[in-house]
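Open the model in your viewer and keep the sequence panel beside it. Each stop below names what to select and then says what is there.

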Amino acid sequence: LRTFAFRVQWFESIAICVSMMSIVFTSCLVGSIVPLVFLRVGVDPAHAGAAIQVLMDISGVTITCVVCSVILHGHEALAHGKHAGVAGVT
């Protein structure tokens, strides 16, 4: 709805949606694994909250940048008729 209201191009919306889904998936994994790791090394798992928050802040920005650059670069390459492969790989 917002895409249509503000006339945002579809591939930009797809890039944001995919990055958000990736962040949620990653946060579920990190939120499940970090307390178990803390328990394994003998640290109270209740202290995992701050570690999870810091890890997800950093990884959330990284995931957004990587996913959006891959999707937007791929769309740009397709729009110009170029191969959308990884840089340096043919």
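**Whole chain**

Among contacts in the protein chain between residues at least 6 apart in sequence, 59% join residues at least 24 apart. Keep in mind that this is a predicted model. Colour by secondary structure next. The protein chain has three helices and zero strands. Along the sequence the pattern reads α-α-α. Of its 90 residues, 18% count as buried.

**Stop 1**

Select arginine 7. It sits in the loop between α1 (2-5) and α2. Phi of arginine 7 is near 55°, a positive value in a residue other than glycine. Most residues other than glycine have a negative phi. Is arginine 7 buried or exposed? Its relative accessible area is 77%, so arginine 7 is exposed.

**Stop 2: an aromatic pair**

Show the aromatic side chains. How many aromatic pairs does a search of the whole structure find? The search finds one. Its members are tryptophan 10 and phenylalanine 11, in an edge-to-face arrangement. The ring centres are 6.0 Å apart, with 90° between the planes. Now compare the two partners on the surface. Tryptophan 10 has 59% relative accessibility and counts as exposed. Phenylalanine 11 has a relative accessible area of 11% and is buried.

**Stop 3: serine 13**

Move along to serine 13, in helix α2. Is serine 13 buried or exposed? At 17% relative accessibility, it counts as buried. Display what surrounds it. Beyond its neighbours within four places in sequence, serine 13 contacts Thr3 and Val8.

**Stop 4: the cysteines**

Select cysteine 68, in helix α3. It is buried, at 12% relative accessibility. Set aside residues up to four places away in sequence, and cysteine 68 touches Ala15, Ile16, Ser19 and His73. The C-alpha atoms of cysteine 68 and isoleucine 16 are separated by 6.7 Å, though the two residues are 52 apart along the chain.

Which cysteine sulfur is closest to the sulfur of cysteine 17? It is the one in cysteine 68, at 9.8 Å, which is too far for a bond. A disulfide requires two cysteine sulfur atoms within 2.5 Å. A search of the whole structure finds zero disulfides.

**Stop 5**

Select glycine 60 and glycine 74. Glycine 60 lies in helix α3, and glycine 74 is found in helix α3 (residues 48-79). Start with glycine 60. It is buried, with a relative accessible area of 9%. Draw a C-alpha distance from glycine 60 to serine 19. The separation is 8.5 Å, across 41 residues along the chain.

Then take glycine 74. It is buried too, with a relative accessible area of 13%. Draw its C-alpha distance to phenylalanine 11, the residue from the aromatic pair. Glycine 74 and phenylalanine 11 are 9.8 Å apart in space and 63 residues apart in sequence.

**Stop 6: phenylalanine 38**

Go back to helix α2 and select phenylalanine 38. Which residues is phenylalanine 38 in contact with, leaving aside its neighbours within four places in sequence? They are Val43, Asp44, Pro45, His47, Ala48 and Ala51.

**Stop 7: a nonpolar patch**

Finish on the surface. Select Phe25, Leu29, Ile33, Val37, Val41 and Val43, which form a nonpolar patch there. Together they have about 550 Å² of accessible area. Pick out leucine 29, in helix α2 (residues 10-40). At 42% relative accessibility, leucine 29 counts as partly exposed.

Terms used
Residues are numbered from 1 along each chain as its sequence is written. This is a predicted model: local features need pLDDT of at least 70, side-chain atom pairs count only at pLDDT 80 or more; totals for chains, interfaces and linings use all residues. Side-chain values use heavy atoms; hydrogens and water are left out. Patches are made of residues with over 30% relative accessible area and no salt bridge: like charges are joined within 9 Å, nonpolar side chains (Val, Leu, Ile, Met, Phe, Trp, Tyr) within 5 Å. Accessible areas come from the Shrake-Rupley method with a 1.4 Å probe; for residues, only the protein chains shown count as cover. A salt bridge is a side-chain nitrogen of Lys or Arg within 4 Å of a carboxyl oxygen of Asp or Glu. Helices (H or I, at least four residues) and strands (E, at least two) are DSSP runs, numbered from the N terminus. Buried means under 20% relative accessible area, exposed over 50%, partly exposed in between (1.4 Å probe, protein chains only). Contact means heavy atoms within 4.5 Å. Rings of Phe, Tyr and Trp (its six-membered ring) pair if their centres lie within 6.5 Å; planes under 30 degrees apart count as stacked, over 60 as edge-to-face and the rest as tilted.
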